[in-house]
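Reader: I've got a structure to look at and I'd like to learn how to read it. Can you walk me through it?

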Amino acid sequence: MDQNCIFCKIIAGDIPSTKVYEDEDMLAFRDINPQAKVHVLVVPKSHFAALAEMDAAQAELVKKCLVKIPAIAESLGLKNGYRLIVNQGEDAGQTVHHLHIHIIGRESMGEKML
Ligand code: 5GP
Ligand code: ZN
């Protein structure tokens, strides 16, 4: 746990969040500033900012997140697909330095980005 990290505080329950899934490895909760009808963040329960800093145990947690995301997406009603985004660093606009996977959906993304 990083005492200055907002997502560590959410994982610890010190800051409230709207949880959609939780197990021993990860927490998924609604983004406070949703960019689509469904916007959920999936965070591994280990503090590191970026893939470049990840150790083997943390890589295992990210793998578990990716394996679980289809079930989380299904539980959110994302039958027609969804987009995953992992911002890495300043140029990408990463504002929270605890690795997180955005799940975005419930509306067509069109050709807005990517
Ligand atoms: P980033 O730009 O770092 O990839 O995304 C960080 C995301 O975290 C943003 O979409 C922002 O709205 C969300 N966020 C920041 N603080 C909080 C918070 O306290 N609670 C929740 N639920 N989401 C947050
Ligand atoms: Zn953290």
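Author: Let's begin with cover: the buried residues of H2 are covered by, among others, strands E1 (19–22), E2 (26–30), E3 (38–44), E4 (82–85) and E5 (101–105). Helices (H or I, at least four residues) and strands (E, at least two) are DSSP runs, numbered from the N terminus. This is a predicted model, where local features need pLDDT of at least 70, side-chain atom pairs count only at pLDDT 80 or more, and totals for chains, interfaces and linings use all residues. Residues are numbered from 1 along each chain as its sequence is written, chains are lettered from A and ligands numbered from 1 in the order in which they are written, and side-chain values use heavy atoms, with hydrogens and water left out.

Reader: Which residues of H2 are buried?

Author: Buried means under 20% relative accessible area, exposed over 50%, partly exposed in between (1.4 Å probe, protein chains only). In H2 the buried ones are Gln-58, Leu-61, Val-62, Cys-65, Ile-69, Ile-72 and Ala-73. As a general idea, an α-helix has 3.6 residues a turn, so residues three or four places apart point the same way.

Reader: Where is the kink in H2?

Author: A bend is the angle between axes fitted to the seven residues ending at a residue and the seven starting there. In H2 a kink of about 40° lies at Lys-68, shortly before the proline Pro-70.

Reader: And what sits at the start of H2?

Author: A polar contact is a pair of N or O atoms within 3.5 Å; within protein, one must be able to donate a hydrogen and the other to accept it, and residues adjacent in sequence count only if both atoms are side-chain atoms. Here a side-chain oxygen of Asp-55 comes to within 3.1 Å of the backbone nitrogen of Ala-57. After H2 comes Gly-77, with a positive phi near 80°.

Reader: Is His-39 buried or exposed?

Author: His-39, in strand E3, counts as buried because its relative accessibility is 5%. Its side chain makes a polar contact with the side chain of His-102 (2.8 Å), and a polar atom of the His-39 side chain lies 3.0 Å from the backbone nitrogen of Gln-35.

Notes. Contact means heavy atoms within 4.5 Å.
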